[in-house]
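Hi,

Here is the structure I promised to send over. Please have a look when you find a moment; my notes follow below.

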Amino acid sequence: MSVPIRQQLSVAKYLLQQKLKANKRYPLVLMLEPLFRCNLACAGCGKIDYPDEILNRRLSIDECLAAVDECGAPIVSIAGGEPLLHKELPQIVEGMIQRKKYVYLCTNALLLKKRIDDYKPSPYLTFSIHLDGNRERHDASVCQKGVFDRAAEAVEMAIARGFRVTINCTLFQGENAEEIAAFLDYCKKLGVEGTTIAPGFSYEHAPLQDIFIKMRDSKELFRKVFKLGRGRKWKLNHSSLYLDFLAGNQSYNCTPWGNPTRNVFGWQKPCYLLVDEGYAPSFKALMEDTPWHKYGNSKNPKCANCMAHCGYEASAVEDSVKNPLKAAWVALFGPRTDGPMAPEPVPEYDVGSVGVKARPAIRIEAAD
């Protein structure tokens, strides 16, 4: 795990407070989307098909900071759209830093050279730069040539100026374990603090639908990647048990309230990945009125192949708190890359609420 000790201690303190309060549902990361407008049109994006009247909306400084205060999560991930298009983003970020929130500003980095003077290095601010694999793979996923090189230059510049920098990598269909391993070697060479890596979620509104990896394929791919990673000392910006989950060794239910989303429509139900489930007027209403029992890969067909960190990192963190020795073991020796996998989720769809027929319950275990 590549997160600095200072941040780990802050999050650990927050988790302890939630346990002492006996809170069963609490946020870990606020997903803030102050706009949907972007300067790219990626093939796997589910946010780019809104009309201009929606794409032109912006959350104000006050709305963004009110969401931070209302939610109370120790970490804020600012996404979009492309956040650097928001003219008031520097003031928004500064307000969060003053509140001692750990901010991950997610960006494709095309505007970072132009806007970087608007920000100051801080232990509370990290530029999370989007790179989906090597040059050819990334430029194909964002549907524009030259983006990889511009983003890599921005990474080097931000690091040279003293900023915390991480890489956010999403994997799609057709990925090759050797290429992913080479990409993680490249990230290490760049000198970034860490890399976030997860399979892409199959947005219903994404322009292309055949690019998303199925759950079983994802687990097998991650096993191959982690096996190649032995001794290469990659810095992966995840909890050890989330990585173990990606390798098929843990069976987790989704924890969608762990990463609540606030965007231009309100508080999104149940997470930022499902865009047609409605919105709540406040964080309190989101937590109390969302039918959480209807969501998760065993409970809703829209979630069937999801392994995204927004839903499962919080589950892994909760498991780490309950089973610290298990988490420490995986952190020390890495995820297991052979042997049987944990059981696949058994579908239990609420037919009346989702309008589909439940599939027969199937459990699959991997052969060596």
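Thr-166 is placed in strand E5, which covers residues 164-171. Keep in mind that this is a predicted model. Thr-166 is buried, because its relative accessibility is 1% and the cut-off for buried is under 20%. Leaving aside residues up to four places away in sequence, its contacts include Tyr-104 and a run of Thr-126, Phe-127, Ser-128 and Ile-129. Thr-166 also touches Val-192, Glu-193 and Gly-194, as well as Asn-237.

Next, a pair of helices. Two packed helices are described by the angle between their axes and the distance between the axes. For helix H8 (residues 177-190) and helix H9 (residues 215-228), the axes come within 9 Å and cross at roughly 50°. H8 and H9 are therefore oblique to each other, and their crossing is right-handed. Which residues meet there? On the H8 side they are Ala-177, Glu-178, Ile-180, Ala-181 and Leu-184, and on the H9 side Leu-221, Lys-224, Val-225 and Leu-228.

Now to the rings. The structure holds 16 aromatic pairs. One of them joins Tyr-50 and Phe-265, a tilted pair with 5.6 Å from centre to centre and 55° between the planes. Tyr-50 sits in the loop between strand E1 (29-32) and helix H2 (52-55), while Phe-265 sits in the loop between strand E7 (261-263) and strand E8 (266-268), so this pair ties together parts that are 215 residues apart in sequence.

Tyr-279 is partly exposed, with a relative accessible area of 25%. Through ring pairs, Phe-36, Tyr-50, Phe-265 and Tyr-279 are linked into a cluster.

One last item concerns a charge and a ring. The charged end of Arg-25 sits over the ring of Trp-257, at 4.8 Å from the ring centre.

I'd be glad to hear what you make of it.

Best wishes

Notes
Residues are numbered from 1 along each chain as its sequence is written. This is a predicted model: local features need pLDDT of at least 70, side-chain atom pairs count only at pLDDT 80 or more; totals for chains, interfaces and linings use all residues. Side-chain values use heavy atoms; hydrogens and water are left out. Rings of Phe, Tyr and Trp (its six-membered ring) pair if their centres lie within 6.5 Å; planes under 30 degrees apart count as stacked, over 60 as edge-to-face and the rest as tilted. Helices (H or I, at least four residues) and strands (E, at least two) are DSSP runs, numbered from the N terminus. Buried means under 20% relative accessible area, exposed over 50%, partly exposed in between (1.4 Å probe, protein chains only). A charge sits over a ring if NZ of Lys or CZ of Arg is within 6 Å of the ring centre and within 35 degrees of the ring normal. Contact means heavy atoms within 4.5 Å. Axes are lines fitted to C-alpha atoms, for helices over the stretch in contact, and angles run from 0 to 180 degrees between N-to-C directions. Angles under 35 degrees count as roughly parallel, over 145 as roughly antiparallel, 65 to 115 as roughly perpendicular and the rest as oblique. A crossing is left-handed if the near helix is turned anticlockwise from the far one by less than a right angle, and right-handed if clockwise.
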